[in-house]
2 protein chains.
Amino acid sequence: MNPTAIEFYYDPVSPYTYLASTQIKALAARAGAEIVWKPMLLGKVFEAAGNRMPAAVPAKGRYLFQDIKLWARHYGVPLTMPTVFPANSLIAQRVACALSAAQLPDFACAMMKAYWAEGLDISQPEVVVAVANSLGLDGAALLAAAQAPEAKDKLRALTDEAVSRGVFGAPTFFVGTQMFWGNDRLPLIEDYLAGKLAT
Amino acid sequence: MNPTAIEFYYDPVSPYTYLASTQIKALAARAGAEIVWKPMLLGKVFEAAGNRMPAAVPAKGRYLFQDIKLWARHYGVPLTMPTVFPANSLIAQRVACALSAAQLPDFACAMMKAYWAEGLDISQPEVVVAVANSLGLDGAALLAAAQAPEAKDKLRALTDEAVSRGVFGAPTFFVGTQMFWGNDRLPLIEDYLAGKLAT
């Protein structure tokens, strides 16, 4: 029997997605669920949904940077302000789409860590290659594969899929048809998986 | 010695503020903190901060109504979709500004319960009067007091104060100068009060 799936639409540019990525594996393990990582382009999702990045509201942007620091301390995980924000995650996400399902989870987490724990500019191909290499993957070959139509089409399709399912921000999770938006919804996902939120 | 204060900027029109109001008293009791209730007009805050209500993004609006139901089940509290949304909370908030500090907490909670647990149209003066009467207050006298310049000025001043402190949504809490936005930040507030989020 397949375990319950938690579909995780992610973009490493999002700090709350990084924060959630530090917690979701333990949550899934506790619940006996598996995580299905789904790369998407958050900028395209914002555009399609008529949404905008939080920092578009100046007071919200100022709060966000305090808030993510508090969450990082709450979780006990590292957090560094990236040198470039928001970084263009197009190459990172196309590489993600060139990976196998077995390779994707570690790469996704490593890209978010590179950006939000190490402050690296993940828009740069050499940074993406170095992250892939650090995982024992062939970064140069993946960078080439990321330029092939298959990877480009897959990223476009996943982004469209997210929008068509009602995604308007990141991180977004699905358990079956139930959507959960935000790092701060992890306790709800855990309750939901345990059957505690049934009507 | 005064206990630590949790300042709570609230507007009963906000579902997440209702949800937070069902939990904040127990949280404050556990932390040995006191709650300072601060009525504000969320619509004015949105306007001043360049923010907009969540439902302005259609996909976010659809998610919101699912999400608040999940939170209500998570907390085990009642939730009903109001007949009128968003309701104009001007009268309710002016009455709140005509109350003593001792009367305010119960009235604030009762207004949120009337709107989000009973679905009443709290924009109507007779609803506000009935809620006040149900608490043993003189609803008719309070409705008159709410039209006096003192109540109007106080509500305007509290809303301006919120904006000047960086508030852009509801619920918003302050512990000293540290701001917390959202029902979903209650676990952070509890950690913060326990000294667990210090740098």
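Helices (H or I, at least four residues) and strands (E, at least two) are DSSP runs, numbered from the N terminus, and two strands pair if DSSP finds at least two bridges between them. What you see here is a predicted model, where local features need pLDDT of at least 70, side-chain atom pairs count only at pLDDT 80 or more, and totals for chains, interfaces and linings use all residues. Residues are numbered from 1 along each chain as its sequence is written, chains are lettered from A and ligands numbered from 1 in the order in which they are written, and side-chain values use heavy atoms, with hydrogens and water left out.

**View 1. A hairpin in chain A made by β3(A) and β4(A).** Two residues sit between these strands, and A:G176 in the turn has a positive phi of about 65°. β3(A) and β4(A), residues 178-181, run antiparallel and are joined by four bridges. Look for A:F174, which stands opposite A:M179 in β4(A).

View 2. A:P171 lies in the loop between α9 (149-164) and β3 (172-175) of chain A.

**View 3. The open sheet of chain B, with four strands in the order β2-β1-β3-β4.** The pairing is mixed. β2 (34-39) and β4 of chain B are at the edges with a single partner strand each, so one side of each has no neighbour in the sheet. Strand β1 (residues 5-10) of chain B runs parallel to β2(B), and six bridges join them. Here B:I6 stands opposite B:I35 in β2(B). Helix α9(B) packs on the sheet and touches β1 and β2 of chain B (touching, or contact, means heavy atoms within 4.5 Å); its direction makes about 110° with that of β2(B). α10(B) packs on the sheet as well, touching β1, β3 and β4 of chain B, and its direction makes about 5° with that of β3(B).

**View 4. A salt bridge between A:E161 and A:K38.** A salt bridge is a side-chain nitrogen of Lys or Arg within 4 Å of a carboxyl oxygen of Asp or Glu. In this pair the closest N and O atoms are 2.8 Å apart. A:E161 is in helix α9 of chain A and A:K38 in strand β2 (residues 34-39), so to speak distant parts of the chain, 123 residues apart. Over all chains, the count comes to 16 salt bridges.

**View 5. Where chain B meets chain A.** Here 31 residues of chain B are in contact with 31 residues of chain A. The area buried between them is about 2,900 Å², with 58% from carbon and sulfur atoms (buried area is the accessible area, 1.4 Å probe, that two parts lose on being put together, summed over both). B:Y63, B:L70 and B:R73 supply 21% of the area that chain B buries against chain A, more than any other three residues. Four salt bridges cross this interface. In one salt bridge, the side chains of B:R185 and A:D67 meet at 2.7 Å, N to O.

Notes:
Axes are lines fitted to C-alpha atoms, for helices over the stretch in contact, and angles run from 0 to 180 degrees between N-to-C directions.
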